[in-house]
Amino acid sequence: MKLQGTMQINSAGNLTIGGLEVTQLAREFGTPLYIFDEELIRNNCRKFYEAFAVGEGQSEVIYASKAFLTTAMCRIIASEGLGLDVVSGGELYTALAAGFPVEHIYFHGNNKSYMELCQALDANIGRFVVDNFSEMELLSRLAVEKGQVANVILRVTPGIEAHTHDYIRTGQIDSKFGFTLPNGQALEAAKRVKDLPGLEFKGLHCHIGSQIFDQEPYGEAAAIMLKLAAEIKESTGLLTTELDLGGGFGIYYAEGDTPPSINSFAQKILIEVSKKAKEFNLPKPKVIVEPGRSIVGPAGSTAYTVGSIKEIPGVRKYVAVDGGMADNIRPALYEAKYEAIIANKANLPAEETVTITGKCCESGDMLIWDTKLPKVEVGDILLVSCTGAYGYTMSSNYNRLGRPAAVLVREQNADLIIKREDYNDLLRNDILPARLICTK
Ligand code: LLP
């Protein structure tokens, strides 16, 4: 397994993160346990901040909170000078509870409800990324009723195919997201914003997909969007002062993954935006990007305890851990690949090939197929790396498993940032109708 961030192997052969032994964290907080490396989260934020020259006022980097969000995470993101992308009332509520600076909150989503739009207007958030005509009309009406002006960025589907899994691809034409560009809907949307009261047009947005390993589609997207900006200017007079090119920057999960650096993504985008703005004779817009995975993915890992081990001679050896698809649905959903290490045998050589499975009642509950590890024994602490993005946020209570705890480690300090769900939490929303309470 490739070591990430502050991961090290100490002289006792134990894996450490933030200077703390993973086995010790497992003892103290239990397993499964999400472990977040604060230094790596902050370093990733800083890489984006610098690569996009945020300090010079050219750009804004907004963290896509769907990747991982808690109030603690909000505080870290705010303290690194990044904005926040939220896609629901729940994410917005979390950001507000954490005291996130409202002017840097961007509200996305293809079906924002009446209540969510009211919540966002009342909070006075920075930008509404408007996805469709019905939302636009509702937002206009609500803003007028409240005597406000909502700052609007239009989400556009540019028709770009980025190489990624079908479920996480969003920029192609046949998408539930945004105003379609090639059929003229996007231009129509800009005209409508201009005419509707209570809305102020700020710019354009697109998101071409996720876990992308190629800079080229970002350049293409920038070019297409600026061409649209030129058309919008010509037919409405509206200026695109902000261009949000979404997130999707790929990360390393397992051997064979070769993501470009954040800097090379940034260079591609910034150079293309400058070039095209000049070509179309437009003022250079502020560039916005929305990384989620590339901020928090490599900074999170999951510690499990090895339970049963089943060997089918000549076929396969299954090593079952005390979590699985309930805390990490990505292998089952996207065939996502991960790497693992035995935290208490971190410097021992690999000597067997095993398949790591979860404890859910489902054959598809696999974490890693055929991985090489030192001899695995019951009670070992297995750590799966790069689970920080879309692990906790897509977790479930399948099989009535409580969601794991999460700790934030930094300089030999561990702070609990999400408490483990216990049996009471599982019953919290159950209601037992009186007629079912049987005395017999
Ligand atoms: N902006 C928009 C509008 C998005 O839809 C997304 C992700 C992002 C930014 C952040 O993308 P990132 O930088 O994290 O790739 N559950 C899937 C990923 C779905 C991504 C959805 N949108 C997974 O586990 O891979």
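Student: Which residues come nearest to the ligand?
Tutor: The model is a predicted one. In it, Ser210, Glu290, Arg293, Arg330 and Tyr390 come nearest, out of 19 residues around the ligand.

Student: How much of the ligand does the protein bury?
Tutor: The protein buries 92% of the 580 Å² that the ligand exposes when taken alone.

Student: Which classes of residue make up the shell around the ligand?
Tutor: The shell has six nonpolar, seven polar and six charged residues.

Student: Why is the pair of Phe36 and Phe68 called stacked?
Tutor: Two rings pair if their centres lie within 6.5 Å, and they count as stacked if their planes are under 30 degrees apart. For Phe36 and Phe68 the centres are 4.0 Å apart and the planes are at 20 degrees, so the pair is stacked. Phe36 belongs to strand 4, while Phe68 is in the loop between strand 5 and helix 3, 32 residues apart.

Student: Why do Phe36 and Phe68 count as buried?
Tutor: Buried means under 20% relative accessible area. Phe36 has 1% relative accessibility, so Phe36 is buried. Phe68 also has a value of 1%, and therefore Phe68 is buried.

Student: What makes Phe48 and Phe52 a stacked pair?
Tutor: Their ring centres are 6.2 Å apart, within the 6.5 Å limit, and their planes are at 5 degrees, under the limit of 30, so this pair is stacked. Ring pairs also link Phe48 and Phe52 with Tyr218, Phe249 and Phe265 into a cluster. The whole structure has 11 aromatic pairs.

Student: Is Cys361 buried or exposed, and how do you know?
Tutor: Exposed means over 50% relative accessible area. Cys361 has 65%, so Cys361 counts as exposed. Cys361 is in the loop between strand 17 and strand 18.

Student: Which residues does Cys361 touch, leaving out those up to four places away in sequence?
Tutor: Cys361 touches Tyr398 and Asn399. Cys361 and Tyr398 are 37 residues apart in sequence, with their C-alpha atoms 9.1 Å apart.

Notes. Residues are numbered from 1 along each chain as its sequence is written. This is a predicted model: local features need pLDDT of at least 70, side-chain atom pairs count only at pLDDT 80 or more; totals for chains, interfaces and linings use all residues. Side-chain values use heavy atoms; hydrogens and water are left out. A residue is near a molecule or strand if one of its heavy atoms lies within 4 Å of it. Accessible areas come from the Shrake-Rupley method with a 1.4 Å probe; for residues, only the protein chains shown count as cover. Ala, Val, Leu, Ile, Met, Phe, Trp, Tyr, Cys and Pro count as nonpolar, Asp, Glu, Lys and Arg as charged, and the others, Gly among them, as polar. Helices (H or I, at least four residues) and strands (E, at least two) are DSSP runs, numbered from the N terminus. Buried means under 20% relative accessible area, exposed over 50%, partly exposed in between (1.4 Å probe, protein chains only). Contact means heavy atoms within 4.5 Å. Rings of Phe, Tyr and Trp (its six-membered ring) pair if their centres lie within 6.5 Å; planes under 30 degrees apart count as stacked, over 60 as edge-to-face and the rest as tilted.
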